[in-house]
Amino acid sequence: METLSKPAVGKAHGKVILIGEHAVVYQMPAIALPFLAADVTVTIKPKTGDSFVDSAYFTGRIQEAPATLYNFVETLNAVCDSFDETSKGLYIKVDSQIPAERGMGSSAAIACALVRALFSYFDREINDELLYKFISISETIAHGNPSGIDTNIVSVDTPLYYIKGTEPKSLSLNLPGFLITADTGLKGQTKEAVNDVGELFKKSRTKTEGLIHSFGQLTNKAKSAIENHDIQTLGDILTKAHGHLTQLTVSNRELDTLVQTALSTGALGAKLTGGGRGGCMIALAKNVDHAKEISRELLEAGAKETWIHNLGDSYND
Ligand code: PMV
């Protein structure tokens, strides 16, 4: 292998699921937005001897990485194997601004940035199919039975309407308002929550099927509201979706408190986002001052961090 004189760099961003999480595992639609305010950069340089990872989660020789980095190590090995290259002799630095295990797509984004950096380092041509294949290796280890929504959204810059097993569709978003994302500060439990929804199916199939199906209908109504630039209706739909997610047992006290706080501060709608049982919630505001007010109240009510995103035409540059 020819080593590069310059370090190879791969980047990706986080994501927010606007609506449809969990139901998307059961072939219902979901809508996800790229979360451009938080991203991850992986930088790879040559070194002698064993490969070394430098990250907020672990810093040391790759053989000594903890089990929580198993998805990272397996993705690295799979990409190197596919090139017939050794995964030794690499210095891999991970700089991530995406909080881990908060339903913001951290694991998929790190995998995406790693795969892009490896393709660049080994000077290979990447395409969407290969990127999807290698991120899926990481996501299957991290989440068990991923729908593929995180895998798809972390590598694109436009909102996506997604049904498992089908080609994601880009969605044009231009709404007169702002999205607030708030972190409970608690680790989300996507794998457990996804398993528990599966258990609900076993226990009461008809009821759970009905709930998932009506959640799917809500997502399609959300898509129409987005197409009609109707943020008020979208807000009502998001609040209803939180009710569905609560019935699916994936909310918790902290998420409910933040959702209630946002709504009592006049948010147009609010819900948990992602796997649930911790992680993040989202709320809609009619203007930036309103978004700042909601954000302040969320921090007051216990949120550890908030982000405000313009839902105007910034997604469609
Ligand atoms: O990674 P998270 O916490 O955003 O959860 C992903 C969304 C789920 O629908 C809960 C799971 C999946 O694979 O789609």
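This is a predicted model: local features need pLDDT of at least 70, side-chain atom pairs count only at pLDDT 80 or more; totals for chains, interfaces and linings use all residues.
Student: Which of the 16 residues around the ligand come nearest?

Tutor: Lys15, His22, Ser147, Thr190 and Gly275.

Student: How much of the ligand does the protein bury?

Tutor: Taken alone, the ligand exposes 370 Å². The protein buries 96% of that.

Student: Which pocket does the ligand take up?

Tutor: The largest pocket is the space taken by the ligand.

Student: Let us turn to His22. Why is His22 called buried?

Tutor: The relative accessibility of His22 is 5%. Buried means under 20%. His22 therefore counts as buried.

Student: Where is His22, and what is its phi?

Tutor: His22 sits in the loop between strand 1 and strand 2 (30–46). Its phi is positive, about 70°, although His22 is not a glycine.

Student: Asp84 has a positive phi too. Is Asp84 buried or exposed, and why?

Tutor: Asp84 has 74% relative accessibility. Exposed means over 50%, so Asp84 counts as exposed. Its phi is about 60°, and Asp84 is not a glycine. Look for Asp84 in the loop between helix 1 and strand 5.

Student: Which other residue lies in that loop?

Tutor: Ser87 is one of them, between helix 1 (70–82) and strand 5 (90–96). The side chain of Ser87 makes a polar contact of 3.0 Å with the side chain of Asn77. Ser87 also touches Ser51, Leu76 and Cys80, among residues beyond four places away in sequence.

Student: Why is Ala142 called partly exposed?

Tutor: Ala142 has a relative accessible area of 25%. Buried needs under 20%, and exposed needs over 50%. The value for Ala142 falls in between, so Ala142 is partly exposed.

Student: Where is Ala142, and what does Ala142 touch?

Tutor: Ala142 belongs to helix 3 (residues 128–143). Leaving out residues up to four places away in sequence, Ala142 touches Asn71, Ser107 and Lys191. Ala142 and Ser107 are 35 residues apart along the chain, and their C-alpha atoms are separated by 7.4 Å.

Student: What makes Leu18 a buried residue?

Tutor: Its relative accessible area is 2%. The limit is under 20%, so Leu18 is buried. Leu18 is part of strand 1. Beyond four places in sequence, its contacts include Ile31, Leu33, Leu179, Ile226 and Ile282.

Student: How far apart are the C-alpha atoms of Leu18 and Asn195?

Tutor: They are separated by 21 Å. Along the chain, Leu18 and Asn195 are 177 residues apart.

Student: Why does Thr184 count as buried?

Tutor: Its relative accessibility is 7%. Under 20% is buried, so Thr184 counts as buried. Thr184 is in the loop between strand 8 (178–183) and helix 5 (190–203).

Student: How do you know how Thr306 and Ala182 are placed in sequence and in space?

Tutor: Compare the two distances. Thr306 and Ala182 are 124 residues apart in sequence. C-alpha to C-alpha, they are 4.3 Å apart in space. Thr306 is in strand 11 (residues 305–310).

Student: What joins the side chains of Thr306 and Ser295?

Tutor: A polar contact of 2.8 Å joins them. Thr306 also touches Ile180, Thr181, Leu298 and Leu299, among others.

Technical notes: Residues are numbered from 1 along each chain as its sequence is written. Side-chain values use heavy atoms; hydrogens and water are left out. Helices (H or I, at least four residues) and strands (E, at least two) are DSSP runs, numbered from the N terminus. Buried means under 20% relative accessible area, exposed over 50%, partly exposed in between (1.4 Å probe, protein chains only). A residue is near a molecule or strand if one of its heavy atoms lies within 4 Å of it. Accessible areas come from the Shrake-Rupley method with a 1.4 Å probe; for residues, only the protein chains shown count as cover. On a 1 Å grid over the protein atoms alone, a cavity is a set of points where a 1.4 Å probe fits but cannot get out, and a pocket is an open set with protein on both sides within 12 Å along at least five of seven lines; lining residues have an atom within 4 Å of a point. A molecule sits in a cavity or pocket if more than half of its atoms lie within 2 Å of its grid points. Contact means heavy atoms within 4.5 Å. A polar contact is a pair of N or O atoms within 3.5 Å; within protein, one must be able to donate a hydrogen and the other to accept it, and residues adjacent in sequence count only if both atoms are side-chain atoms.
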